[in-house]
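Open the model in your viewer and keep the sequence panel beside it. Each stop below gives a selection, then what is there.

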Amino acid sequence: MGPNYFQLFMLIVFCASMLQVSVANRNWQYGWNTPKHGHHRPSPPLKNTPKTIVVGGSAKWTFGFDYTDWAFKNGPLYVNDTLVFKYDAPKDNSTHPHSVYLVPNLRDFVTCNFTNSVMIADGSQGGGEGFEFVIKEWKPYLFACGGGDGIHCNLGKMKFYVLPLLRRWPY
């Protein structure tokens with residue numbers, strides 16, 4: 001019997017969430033923030049300003065860049081943040097243009113199956129200022145490039161997932 005990808009995905013999401021909670025509260029070593037526990041500091045205001053993030057940074061959306069690693073190092077992302085996908089349009093008909101798909105489930109994400117996926121940006125939309133995607137809900141987002149009938153996703157590592165947090169907490 002093969003691995004249950006949904007259970008594996010949920011375990012990863014749970015562990016990442018716990019890590020995020022522990023990192024988000026950097027003053028945990030001071031105990032509770034109450035006079036009873038010896039500390040009474042006013043809470044700083046919440047910084048809930050959405051950010052705009054270029055996917056891949058200076059590498060942009062390109063073949064061979066490890067976007068899973070990029071997403072891990074540049075997270076967490078939050079609801080209302082904007083992801084910008086920048087990529088060059090194909091120069092001729094011999095190249096496979098980049099695209100951006102929202103993949104509906106972990107199985108299709110892992111296997112780079114785009115049958116049930118939704119294309120949110122085609123080969124021409126990544127030029128100039130790029131294609132902007134606003135994270136509107138607290139849910140997993142699985143992004144992948146459909147170029148080359150899945151070759152960009154499989155061999156080119158052009159895929160990553162995001163589970164945004166609801167709000168930024170002050171550090």
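The tour runs from the whole chain to single residues.

**Ground rules**

This is a predicted model, so local features need pLDDT of at least 70 and side-chain atom pairs count only at pLDDT 80 or more, while totals for chains, interfaces and linings use all residues. Residues are numbered from 1 along each chain as its sequence is written, and side-chain values use heavy atoms, with hydrogens and water left out.

**Stop 1: the whole chain**

Colour by secondary structure. The chain has four helices and seven strands. Helices (H or I, at least four residues) and strands (E, at least two) are DSSP runs, numbered from the N terminus. Along the sequence they follow the pattern α-β-α-β-β-α-β-β-β-α-β.

Switch to a surface. The chain exposes about 11,000 Å², and carbon and sulfur atoms supply 59% of it. Accessible areas come from the Shrake-Rupley method with a 1.4 Å probe; for residues, only the protein chains shown count as cover.

How many of the 171 residues count as buried? The share is 33%. Buried means under 20% relative accessible area, exposed over 50%, and partly exposed in between (1.4 Å probe, protein chains only).

Now the contacts, meaning heavy atoms within 4.5 Å. Of those with a separation of 6 or more, 71% are between residues 24 or more positions apart.

**Stop 2**

Select Tyr5, Leu8, Ile12 and Val110. They form a nonpolar patch on the surface, with about 300 Å² of accessible area together. Patches are made of residues with over 30% relative accessible area and no salt bridge; like charges are joined within 9 Å, nonpolar side chains (Val, Leu, Ile, Met, Phe, Trp, Tyr) within 5 Å.

Which helix gives the largest share of the patch? Helix α1 (residues 5-24) does, with three residues. Tyr5 is found in this helix α1. Tyr5 is partly exposed, at a relative accessible area of 30%.

**Stop 2: the salt bridges**

Side chains of opposite charge can pair when their charged atoms come close. A salt bridge here is a side-chain nitrogen of Lys or Arg within 4 Å of a carboxyl oxygen of Asp or Glu. A search of the whole structure finds two.

Select Asp69 and Lys73. Their closest N and O atoms are 3.1 Å apart. Both residues lie in helix α2 (residues 67-74), four residues apart, about one turn of the helix. Asp69 is partly exposed, at 33% relative accessibility. Lys73 is exposed, at 61%.

Go on to Glu137 and Lys139. In this salt bridge the closest N and O atoms are 4.0 Å apart. Glu137 is partly exposed, with a relative accessible area of 45%. Lys139 is also partly exposed, at 34% relative accessibility.

**Stop 3**

Select Lys159, in strand β7 (residues 159-162).

Show the backbone of Val110. The side chain of Lys159 reaches the backbone oxygen of Val110 at 3.2 Å. Val110 also belongs to the nonpolar patch of Stop 2.

Not counting residues up to four places away in sequence, Lys159 touches Trp61, Tyr67, Thr68, Phe109, Val110, Cys112, Phe143, Ala144 and Cys153.

**Stop 4: backbone details in the loops**

Select Gly75 and Pro76. A cis peptide bond joins them, with omega about 0 degrees. Pro76 sits in the loop between α2 and β2 (82-85).

Move to Lys60, in the loop between β1 (52-54) and α2. Lys60 is not a glycine, yet its phi is positive, about 60 degrees. Lys60 is partly exposed, with a relative accessible area of 34%.

Next, Cys112. Its phi is positive too, about 55 degrees, although Cys112 is not a glycine. Cys112 lies in the loop between α3 (106-111) and β4 (118-121). Is Cys112 buried or exposed? Cys112 is buried, at 8% relative accessibility.

**Last stop: Ser117**

Ser117 is in the loop between α3 and β4. Ser117 is buried, with a relative accessible area of 13%. Not counting residues up to four places away in sequence, Ser117 touches Tyr101, Leu102, Val103 and Pro104.

Definitions and conventions
Polar contact = N/O pair within 3.5 Å; in protein donor to acceptor, adjacent residues only side chain to side chain.
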